[in-house]
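Biologist: Thanks for sitting down with me. Could we go through this structure together, one question at a time?

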Amino acid sequence: MAAKVKPPTELAKVFGLVKSHGIRIVDYKFTDMLGQWHHFSNTIEEFSDEIFRDGLGFDGSSIRGFQRIHESDMLLFPDPSTAFVDPFTAVPTLSLICNVADPLTHESYSRDPRYVARKAEAYLRSSGLGDTALFGPEPEFFILDNVNFDQAPNYAYYALDSEEGFWNSGKEEKTNLGHRPRFKEGYFPVSPLDSLQDIRTDMVLTLQQVGVPVEVHHHEVATAGQTEIDMRRDTMVKMADNYLVYKYVTKNVAKRHGKTVTFMPKPIFGDNGSGMHVHQSIWKNGKNLFFGNGYAGLSEMALYYIGGLLHHAPALTALTNPTTNSYKRLVPGFEAPVNLAYSQRNRSASVRIPMYSNNPKAKRIEFRTPDPTCNPYLGFAAMLMAGIDGIINKIDPGKPLDKDIYDMTPEQLKDVPSAPGSLAEALHALEDDHEFLLRGDVFTNDLLETWIDYKMTKEVQPMQLRPHPYEFVMYYEV
């Protein structure tokens with residue numbers, strides 16, 4: 001009998017890519033506290049397996065939320081399982097996502113968001129509740145043709161434009177064909193109203209080229225190029241990795257087409273904002289533990305998980321909706337799910353149970369409040385920790401709300417809690433409710449204090465200090 005051939009190791013696969021693609025440059029990517037990728041590169045002559053053992057040094061004091069100047073040295077350790085060939089570089093380039101570590105001890109860095117997500121997965125396993133958490137985000141974003149913005153002591157402005165923006169219907173141009181989605185009517189129209197099919201397809205094929213599976217793409221509700229591309233669900237850390245690849249690919253494909261992408265939750269007044277509904281389930285030994293005989297085909301565990309999400313939702317929003325612009329979308333009475341309730345099928349609830357299939361493997365819950373500015377490592381980890389807290393403490397989610405929340409009267413809604421109305425309010429909720437995040441040392445007080453301080457001093461307070469252009473419309477003649 002012939003000897004079994006062992007599958008190649010992840011490291012062997014990396015060097016296989018180097019050889020098969022003629023790689024000349026290796027690029028090392030890592031995530032700052034807010035969820036933005038940073039990178040640096042070296043030549044293939046400097047690349048060896050020692051890098052995976054010894055790491056690469058960088059200045060941590062120049063990265064938001066990381067080290068102070070007198071203790072700035074940090075190390076990156078590439079994860080060989082994340083390797084992909086960059087589709088946007090002129091020279092063949094291999095990309096690797098890295099973990100951040102202390103240069104003296106080689107221990108993982110507590111403020112590295114990817115480490116937080118890795119610890120959350122480990123905590124799930126150690127709890128005995130499950131061995132796998134599957135996540136499937138649905139990010140929405142706008143594909144625009146032009147953007148201008150500036151801020152000074154005596155003026156402030158922004159201006160966005162899109163060839164398919166309905167405000168261009170009366171534009172005087174040589175040939176105005178008039179095919180533009182009306183406000184709030186951009187969901188699923190065919191060409192020529194949907195002018196972005198080819199660009200979205202280019203994004204999808206590029207994502208697949210770099211190893212990110214995609215399920216569907218389509219135009220979204222808003223005019224002016226609102227888009228959704230849904231990745232296939234995956235384990236939590238892998239899904240967070242894929243989401244940052246997703247942002248990298250969509251932005252660069254748009255640039256290749258002479259367009260620009262924004263993931264701001266509310267870039268356009270008077271039309272739908274961009275959310276990021278996040279599908280979640282817990283598995284053990286290949287079995288979906290969210291499938292059961294309860295409400296909407298859910299297990300008791302799944303209902304307690306929902307209870308945890310709803311109970312901790314005000315604190316969660318500080319991480320899942322982490323910008324001042326997030327709360328231009330989360331406004332009661334409009335399209336975003338601000339009411340903290342759950343329901344099957346009902347898209348006006350903050351937690352929905354999709355009912356597309358009776359397949360036990362498809363049973364999941366969908367948290368609809370988050371938006372695409374979320375750092376996926378921190379946001380996904382926080383949602384999982386809230387759900388686990390719900391399971392451990394058997395938090396009752398209450399009765400489902402199987403009504404259209406937007407048709408309910410204020411009297412009917414008075415007992416339904418609501419998401420915070422501002423980033424400051426969300427940060428205060430996180431200050432008051434974060435013990436569930438500290439279980440298993442997944443989050444640390446140091447990280448949460450740094451997050452709250454950064455958001456308050458760098459985002460909330462600067463916004464509070466500046467006059468808003470619309471205030472001149474309302475108050476100049478007062």
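**Cavity, patch and salt bridges**

Modeller: Gladly! Please keep in mind that this is a predicted model.

Biologist: Which class of residue, nonpolar, polar or charged, has four members in the lining of the largest cavity?

Modeller: The largest cavity holds about 40 Å³ of space. Its lining includes Asp-145, Glu-163, Glu-164 and Lys-259. Asp, Glu and Lys count as charged. Two lining residues are nonpolar and three are polar, while the class with four is charged.

Biologist: Nice. Is Val-473 buried or exposed?

Modeller: Val-473 sits in helix H13, residues 469-475. Together with Tyr-470, Met-474, Tyr-475 and Val-478, Val-473 makes a nonpolar surface patch of about 590 Å². Exposed means over 50% relative accessible area. Val-473 has 61%, so the word is exposed.

Biologist: And how many residues apart in sequence are the parts tied together by Asp-79 and Arg-114?

Modeller: The side chains of Asp-79 and Arg-114 meet in a salt bridge at 2.9 Å, N to O. Asp-79 lies in the loop between strand S4 (73-78) and strand S5 (84-85), and Arg-114 in helix H3 (residues 113-127), so the parts this pair ties together are apart in sequence by 35 residues.

Biologist: Good to know. Is Arg-53 buried, partly exposed or exposed?

Modeller: Arg-53 forms a salt bridge with Asp-54 (3.1 Å, N to O). Asp-54, at 35% relative accessibility, counts as partly exposed. The cut-off for exposed is over 50%. With 54% relative accessibility, Arg-53 therefore counts as exposed.

How values were computed
Residues are numbered from 1 along each chain as its sequence is written. This is a predicted model: local features need pLDDT of at least 70, side-chain atom pairs count only at pLDDT 80 or more; totals for chains, interfaces and linings use all residues. Side-chain values use heavy atoms; hydrogens and water are left out. On a 1 Å grid over the protein atoms alone, a cavity is a set of points where a 1.4 Å probe fits but cannot get out, and a pocket is an open set with protein on both sides within 12 Å along at least five of seven lines; lining residues have an atom within 4 Å of a point. Grid points are joined across faces, edges and corners, and a volume is the space filled by probe spheres set on the points. Patches are made of residues with over 30% relative accessible area and no salt bridge: like charges are joined within 9 Å, nonpolar side chains (Val, Leu, Ile, Met, Phe, Trp, Tyr) within 5 Å. Accessible areas come from the Shrake-Rupley method with a 1.4 Å probe; for residues, only the protein chains shown count as cover. A salt bridge is a side-chain nitrogen of Lys or Arg within 4 Å of a carboxyl oxygen of Asp or Glu. Helices (H or I, at least four residues) and strands (E, at least two) are DSSP runs, numbered from the N terminus. Buried means under 20% relative accessible area, exposed over 50%, partly exposed in between (1.4 Å probe, protein chains only).
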